[in-house]
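Please consult the sequence and the model alongside the text.

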Amino acid sequence: MSFSLESFKLGDIITGKIIKLEPTGVLVDFYTDQLACVPLLELSLNEIQSPEEALQLNEIREFLVVGNYDGEHGIFFSHCSPETLKDSDRLYECVLDLASEKCGHPVNREDLIVHTKVLDIHRHGLSVRIYWFLCSQEHPPTVSFSIRKLEMRKAWERLRQLQAEDVTVYGKILKKTWSGALVKIEGLHGGIHTYVNKHKEQLVVGEELPLKIIKVREEYNQLLLLHRSVSIRLRQLQVGQVVSGTIRSIKDYGVRVDIGDLYALLPTSKMFHPSVDHPNQFFKINDHLKATIIKIDPENGQVVLESCGS
């Protein structure tokens with residue numbers, strides 16, 4: 001059961017009544033001449049095994065109207081000018097090139113449906129994602145309906161708000177990764193860095209951690225977090241400050257220094273001896289040293305040092 005673009009507009013939020021629950025999905029009455037079938041996958045942002053876990057019979061719910069395109073049929077622009085968005089000819093020309101390249105043959109403008117979503121407004125312009133999909137008389141464009149994508153949209157909005165308010169959130173570790181750990185916040189997956197570089201062996205899957213949201217990038221499906229103690233420690237540091245620490249690892253590019261709650265990097269190029277070929281010529285594990293902070297990157301929880309003595 002499909003619906004044409006003439007009946008609904010992409011991106012709209014509409015209400016419907018749950019008429020029937022089935023193992024593979026639900027039938028929804030959107031007060032049109034036919035019922036819509038919404039598959040199980042689109043009923044919740046959480047993983048569910050049956051519709052009853054997310055809905056009740058005769059319940060009224062909101063759905064997001066989505067098109068019959070997928071994530072591959074889209075392009076992200078981080079610095080798009082308002083003039084570019086207003087110029088539909090330039091917009092279609094760009095998307096036509098992408099569609100033609102993907103299909104392997106020239107695509108006509110009348111066979112293309114384009115949907116633009118503004119994700120953010122900043123001093124460099126607009127961050128937008130442009131979705132597109134092909135249509136023809138044999139395969140007219142249709143729309144479908146999703147609670148999952150509506151919940152996902154709202155989850156990203158909540159995360160941006162929580163980040164702006166500097167709220168501490170709590171997430172359980174789903175699994176460890178080479179760069180840290182994976183957690184779930186507001187139904188979305190996020191990655192923790194820095195903290196686990198130092199305490200990775202101490203982390204336990206299922207453990208709940210207090211976290212600060214560092215980066216929310218819906219366009220890349222990217223959510224980055226830091227342990228609260230790391231975030232607090234970063235705010236206590238200043239460029240030019242001299243810190244003491246213990247060397248925990250030595251690489252050809254520099255040494256990792258434990259300065260309390262996080263590691264800092266002393267690059268080989270910033271060591272006191274400019275002629276050093278490898279840090280192990282002067283340092284060994286568990287050595288204590290003092291160094292000057294020359295860079296603090298709160299977004300990634302990184303601190304860069306420079307030697308302040310031999």
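Does T292 count as buried or exposed? With a relative accessibility of 17%, T292 counts as buried, where buried means under 20% relative accessible area, exposed over 50% and partly exposed in between (1.4 Å probe, protein chains only). The model is predicted: local features need pLDDT of at least 70 and side-chain atom pairs count only at pLDDT 80 or more, while totals for chains, interfaces and linings use all residues. Residues are numbered from 1 along each chain as its sequence is written, and side-chain values use heavy atoms, with hydrogens and water left out.

**Overall form**

- The chain contains five helices and 19 strands; helices (H or I, at least four residues) and strands (E, at least two) are DSSP runs numbered from the N terminus.
- The chain is more spread out than a compact globule, because its radius of gyration is 26 Å, well over the 19 Å that the globule rule gives for 310 residues. The radius is taken over C-alpha atoms, and the rule is 2.2 Å times the number of residues to the power 0.38.
- Along the principal axes, the C-alpha atoms fill a box of roughly 80 × 45 × 35 Å.
- Among the contacts with a separation of 6 or more, 61% are between residues 24 or more positions apart; contact means heavy atoms within 4.5 Å.

**Surface and charge**

- Of the 310 residues, 44% count as buried.
- The accessible surface is about 17,300 Å², and carbon and sulfur atoms hold 48% of that area. Areas come from the Shrake-Rupley method with a 1.4 Å probe.
- There are 36 positive and 41 negative side chains, with the centres of the two sets 9 Å apart. Lys and Arg count as positive and Asp and Glu as negative, whereas His and the chain ends are not counted; each charge is placed at NZ of Lys, CZ of Arg, CG of Asp or CD of Glu.

**Nonpolar cores**

- The largest nonpolar core has 22 residues, of which F8, F30, F63 and F145 touch the most other members. Such a core is a set of buried Ala, Val, Leu, Ile, Met, Phe, Trp, Tyr and Cys residues joined through side-chain atoms within 4.5 Å.
- Two or more residues of this core come from each of β2 (13–22), β3 (25–29), β4 (36–39), β5 (60–67) and β9 (142–146).
- Apart from this core lies another, of 20 residues, including I214, V243, L262 and I293.
- Beyond four places in sequence, F8 touches F3, I14, F30, T32, V65, V143 and F145.

**The loop between β4 and β5**

- L41 is found in this loop and counts as exposed at 61% relative accessibility.
- The C-alpha atoms of L41 and G25 are separated by 7.9 Å, although the two residues are 16 apart along the chain.
- E42 is also placed in this loop, but counts as buried at 11% relative accessibility.
- Leaving aside residues up to four places away, E42 touches F145, S146, I147, R148 and K149.
- N58 belongs to this loop as well; its phi is near 75°, a positive value in a residue other than glycine.

- T292 and S244 are 48 residues apart in sequence and 9.0 Å apart from C-alpha to C-alpha.
- N286 lies in the loop between β17 (263–267) and β18 (288–297). Its phi is near 80°, a positive value in a residue other than glycine, and N286 is partly exposed at 46% relative accessible area.
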